[in-house]
Amino acid sequence: VGILADAQLRRPHDDPDAAPIRPDQALGAMQALRGLTVEPYRTIGRSGGVLEVGAVADVTVLDGDPRTIAPERLGDAAVLLTVVDGQVIVDAAASRVG
């Protein structure tokens, strides 16, 4: 999640005192999200990184919407669920006691 924030802030998300590097190259939230999901598949001539029937899709669910949360807060978003190749890897709800 931090990499999405870093791409928008043009500095490490966990170092608010760091000067942004080339702030003119900052990405918007959707650009950063596509760059981490859809674009890697596109660069190798495949489709993926989308949620649709038949598509390759590993899924991570956060406690905030990466399209709308402020990039300064995005790096602190908690991972609630991660599914990779059909297997649940992280399930925050299952690890809660009570």
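Author: Strand β1 (residues 59-62) and strand β2 (residues 79-84) run antiparallel and are joined by 4 bridges. Two strands are taken to pair if DSSP finds at least two bridges between them. Strands are DSSP runs of E with at least two residues, helices are runs of H or I with at least four, and both are numbered from the N terminus. This is a predicted model, in which local features need pLDDT of at least 70 and side-chain atom pairs count only at pLDDT 80 or more, while totals for chains, interfaces and linings use all residues. Residues are numbered from 1 along each chain as its sequence is written, and side-chain values use heavy atoms, with hydrogens and water left out.

Threonine 82 is partnered with valine 90 of β3, and valine 84 with glutamine 87 of β3. β2 and β3 form a hairpin with 2 residues between them. In that turn, aspartate 85 has a positive phi of about 55°.

β3 lies largely in the open, because 0 of its 5 residues are buried. Buried means under 20% relative accessible area, exposed means over 50%, and partly exposed is in between (1.4 Å probe, protein chains only).

As for the charged side chains, the structure holds 4 salt bridges. A salt bridge is a side-chain nitrogen of Lys or Arg within 4 Å of a carboxyl oxygen of Asp or Glu. One of them joins arginine 67 and aspartate 65 at 2.8 Å, N to O; aspartate 65 is partly exposed, at 28% relative accessibility. Another joins arginine 22 and aspartate 24 at 2.9 Å, N to O. Here arginine 22 is partly exposed at 46% relative accessibility, whereas aspartate 24 is exposed at 58%.

Glutamate 39 forms a salt bridge with arginine 42, with the closest N and O atoms 2.4 Å apart. These two residues are separated by about one helical turn, because they are 3 residues apart in helix α3 (residues 38-43). Arginine 42 is exposed, with a relative accessible area of 54%. Arg34, Glu39 and Arg42 are linked in a network of salt bridges.
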